[in-house]
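Visitor: I am new to reading protein models. Please take me through one, feature by feature.

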Amino acid sequence: MRSTALVALVALATLTSTSTSAAKGKPIKVVGSDYGRVIADGKGEALYLFDKETGTRPRCFGACARAWPPVLTKGRPRARNGAKARLLGTTKRRGGKRQVTYAGHPLYYYVSDSPGNILCQDVFEFGGRWLVVKPSGRPVT
């Protein structure tokens, strides 16, 4: 009886731990940069919007998404350090993955950026401009 109860307790703890970690969304925060305060992921890597996208529907796929990888999450994104929770959301990409949005804009990384290193602010590529995002949700222009 005790071993059955112990097995059930361990299984429940494992299930709870797994579902809690899977439900955690990507942390989004504000960091200082050469462009002022901008939105970044939890590691401090700046996030961009693509001005060709006028709504929450992503339009960057294939070669575009290899150069500008979408910011994906498995749960609801979490606002940290100055990011506004009310501006965070998600949108579904082709294939069903969830992409983080901020103020209605799908967010992207630039493949060659690193935390604290913004290389492609205001670059025209794949038919539109790529801009880092202010905490207000407006692009840095």
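Visitor: In which strand is the place of Q99?

Guide: Some ground rules come before the answer. This is a predicted model, where local features need pLDDT of at least 70, side-chain atom pairs count only at pLDDT 80 or more, and totals for chains, interfaces and linings use all residues. Residues are numbered from 1 along each chain as its sequence is written, and side-chain values use heavy atoms, with hydrogens and water left out. Strands are DSSP runs of E, at least two residues long, and helices are runs of H or I, at least four long; both are numbered from the N terminus. Q99 sits in strand β7, residues 98–102.

Visitor: Is Q99 buried or exposed?

Guide: Look at relative accessible area, found with a 1.4 Å probe on protein chains only: under 20% is buried, over 50% is exposed, and in between is partly exposed. Q99 has a relative accessible area of 0%, so Q99 is buried.

Visitor: What does the side chain of Q99 make a polar contact with?

Guide: A polar contact is a pair of N or O atoms within 3.5 Å. Within protein, one atom must be able to donate a hydrogen and the other to accept it; residues adjacent in sequence count only if both atoms are side-chain atoms. The side chain of Q99 meets the side chain of R93 in this way, at 2.7 Å. A polar atom of the Q99 side chain also lies 2.8 Å from the backbone oxygen of L107.

Visitor: Which residues is Q99 in contact with, leaving aside neighbours within four places in sequence?

Guide: Contact means heavy atoms within 4.5 Å. The list for Q99 includes P58, P70, V71, G89, R93, L107 and Y108.

Visitor: Where is Y102 found?

Guide: Y102 is in strand β7. Its relative accessibility is 0%, so Y102 counts as buried. Its side chain reaches the backbone oxygen of P135 at 2.7 Å. Leaving aside neighbours within four places in sequence, Y102 has contacts that include I39, L87, L107, V133 and P135. Compare sequence with space, too: Y102 and P77 are 25 residues apart in sequence, and their C-alpha atoms are 9.7 Å apart.

Visitor: What is the order of the strands in the open sheet?

Guide: Start with pairing: two strands pair if DSSP finds at least two bridges between them. The open sheet has three strands in the order β3-β10-β9, with antiparallel pairing. From one strand to the next, the twist averages 30°. For such angles, axes are lines fitted to C-alpha atoms, for helices over the stretch in contact, and angles run from 0 to 180 degrees between N-to-C directions.

Visitor: How many bridges join β3 to β10?

Guide: Three bridges join β3 to β10 (residues 128–132), and the two strands run antiparallel. L49 stands opposite L131 in β10.

Visitor: How many aromatic pairs are there?

Guide: Rings of Phe, Tyr and Trp (its six-membered ring) pair if their centres lie within 6.5 Å. Planes under 30 degrees apart count as stacked, over 60 as edge-to-face, and the rest as tilted. The count comes to five aromatic pairs. One of them is F50 with W130, a stacked pair at 4.1 Å centre to centre, with 10° between the planes. F50 lies in β3 and W130 in β10, so this pair ties together parts 80 residues apart in sequence. W130 is buried, with a relative accessible area of 0%. Y108 and W130 form an edge-to-face pair: 5.2 Å centre to centre, 90° between the planes.

Visitor: Which residues form one aromatic cluster?

Guide: The cluster is formed by Y48, F50, W68, Y108, Y110 and W130.

Visitor: Which ring does the charged end of R94 sit over?

Guide: A charge sits over a ring if NZ of Lys or CZ of Arg is within 6 Å of the ring centre and within 35 degrees of the ring normal. The charged end of R94 sits over the ring of F61, 3.7 Å from its centre.
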